[in-house]
Amino acid sequence: MSLSEQEEQRRKAREEIIDLGIDPYPSETFQVNTFSNDIKNNFDEKKKNFQDVVLAGRLMSRRIMGSASFAEIQDSKGKIQLYVRRDDICEGDDKTLYNTIFKKKLDLGDIIGISGFVFKTQMGEVSIHVKELKVLSKSVRPLPVVKETIDESGESKKHDVFSNTELKYRRRYIDLIVNPESRDIFIKRALIVNEIRSILNENNFLEVETPILQPIYGGAAAKPFKTYHNTLDIPLYLRIANELYLKRLIVGGFDGVFEFAKDFRNEGMSRFHNPEFTQCEFYVAYKDYIWMMDFVEDMFKRIVKKINNDSTSIQFGDNKIDFGKKWKRLTMYEAIEKYAGVDVSELDEESIRKVCKDLKIKVDKTMGRGKLIDEIFGEKCEPNLIQPTYITDYPLEMSPLAKKHRTKDGLVERFELICNGKEICNAFSEINDPLDQRKRFEDQVKLGKRGDEEAMVLDEDYLIALEYGMPPTAGIGIGIDRLTMLFTNSESIQDVLFFPQMKPEQS
């Protein structure tokens, strides 16, 4: 292994610390009792609180000034300044801890533990006067050093930022250390998930788990990953959705179920697609898609307020998106007529294929009527839908799991929420007629024979479940990754995944 000069120096410092009888990787618990942001937000100089604090974190900067120095430590909540005096952290005549360890053998990125009391410097900065210092982990690889300066106008500018996107995704641990805005994205993601879970729990939904390895993939139009089980001697598939299993539980008697599911689709990768992604799907008996639209609108308003200081508006790029106003609702045919300038509601497959050609939309011979309409919508309509908009009442051919519309022939009771030009969630009044569902599956099998790799397969066990009777049911799938992108102003799905899928790194 070829080492840089800095890496060699750090390894040498590690050995020298050990030679001094200090373990740079101690085993015992180091019990912290507060965090940097707690101190900075709550310190009261008059009350002299925080007089016995214990913190741990990374050494991020250091200014050596003889027998006393300033440094900066970063814990999981932020950064805080340290004031370190030789005579405070060293016992008696032995000044090794300060003169040798702190001044010469510690490096930026090393993890230390400190205890002391909080005060304000003459410059008014809340700081910790260190009374004890302990090495907790020696870093033998240097961090990228992000420097911050203030220009003439008083604006803060960062230099040497760790901003190479490929390296950020491959070395997420570095990104999280040196880029606090990346850490904030993932904190918000956790808040989003927790708020959805809280809302569903408050409404008496049961959180469940369903199989990831499935003998028959289903619940969505997608190409699966395939694997093999040696003992059972059968092929298995990574799930593309958990819909059909959750609806089996509705058949079994639960009134509402939900799952945060890792799903897998063996398709292209882009700023909006990762082969492994997270969905929250939930299903509720005795409801329909109209009820679901109202429920989701209220849910999203609450989530936005939770992560956005009680505001219902967010900024995404140049767009200010307001979730507080009543959301628009357009049928799919209305949207296509409005944005593509053509009424496709009465056209057959060949006529729609000609429309696609006229609109210069790429299609292929495997696509049926539903997929052709979906291509028109995706190309001509979605980019125009910035404010939250429900697209409703899809053509039957596009929706093999959605119930036929109660008043409009050839349509189904389905909606998608489109926001900032992207689909965020997809919902139906679910089919509970087993004979209708069988016919829809059979139509999908025919599309598969035409070469459509995303066509659904026929799930006989699911049909048997429906034959025992499923109550009227509303169901939805919410893409957690895309929702997080939207709510954190993130341009790429890779920005909201800790460890996105990447091509193998070239040496």
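Let's start at Glu-397. Setting aside neighbours within four places in sequence, Glu-397 is in contact with Arg-369, Gly-370 and Gln-444. Contact here means heavy atoms within 4.5 Å. This is a predicted model, so local features need pLDDT of at least 70, side-chain atom pairs count only at pLDDT 80 or more, and totals for chains, interfaces and linings use all residues. Residues are numbered from 1 along each chain as its sequence is written, and side-chain values use heavy atoms, with hydrogens and water left out.

Back to Glu-397. Its side chain is joined to that of Arg-369 by a polar contact of 3.3 Å. A polar contact is a pair of N or O atoms within 3.5 Å; within protein, one must be able to donate a hydrogen and the other to accept it, and residues adjacent in sequence count only if both atoms are side-chain atoms. Glu-397 sits in the loop between E17 and E18. Helices are DSSP runs of H or I with at least four residues, strands are E runs of at least two, and both are numbered from the N terminus. Buried or exposed, or in between? Glu-397 is partly exposed, because its relative accessible area is 37%. The cut-offs are under 20% for buried and over 50% for exposed, with partly exposed in between, using a 1.4 Å probe and protein chains only. One distance: Glu-397 and Leu-359 are 38 residues apart along the chain, and their C-alpha atoms are separated by 21 Å.

Now the whole chain. It has 15 helices and 20 strands. Of its 507 residues, 47% count as buried. The C-alpha atoms fill a box of roughly 90 × 55 × 50 Å along the principal axes. Take the contacts with a separation of 6 or more: 63% of them come from residues 24 or more positions apart.

Asp-393 lies between strand E17 (389–392) and strand E18 (414–419). Asp-393 is not a glycine, yet its phi is positive, about 55°. With 4% relative accessibility, Asp-393 counts as buried. Thr-331 touches Asp-393, along with Ile-391, Thr-392 and Lys-408, neighbours within four places left aside. Thr-331 belongs to strand E16 (residues 328–331). It is also buried, because its relative accessibility is 14%.

Then the core. Nonpolar core means a set of buried Ala, Val, Leu, Ile, Met, Phe, Trp, Tyr and Cys residues joined through side-chain atoms within 4.5 Å. The largest has 41 residues, and those with the most contacts inside it are Met-332, Ile-336, Ile-376, Phe-377 and Ile-391. Which elements give two or more residues to it? They are H8 (243–251), E13 (276–285), H10 (332–340), H11 (349–358), H12 (369–381) and H14 (460–467). A second, separate core has 40 residues, including Ile-196, Ile-199, Phe-295 and Phe-300.

Now helix H9. It runs over residues 289–307, 19 residues in all, and spans 27 Å from first C-alpha to last, close to the 27 Å expected at 1.5 Å a residue. The expected span is 1.5 Å times one less than the number of residues. Buried residues of H9 include Phe-295, Phe-300, Glu-297 and Lys-301. Asp-288 caps the N-terminal end, with a side-chain oxygen 3.2 Å from the backbone nitrogen of Ile-290. Just after H9, Asn-309 has a positive phi of about 55°.

On to helix H15. The set includes Asp-481 and Arg-482. After H15 comes Asn-489, with a positive phi near 55°.

A cavity is a set of points on a 1 Å grid, over the protein atoms alone, where a 1.4 Å probe fits but cannot get out; lining residues have an atom within 4 Å of a point. Volume is the space filled by probe spheres set on the points, which are joined across faces, edges and corners. By this rule there is one cavity of 30 Å³ or more. The largest cavity holds about 40 Å³. H8 gives the most to its lining, four residues. Gln-214, Arg-248 and Asp-459 are among the lining residues.

How values were computed: On a 1 Å grid over the protein atoms alone, a cavity is a set of points where a 1.4 Å probe fits but cannot get out, and a pocket is an open set with protein on both sides within 12 Å along at least five of seven lines; lining residues have an atom within 4 Å of a point.
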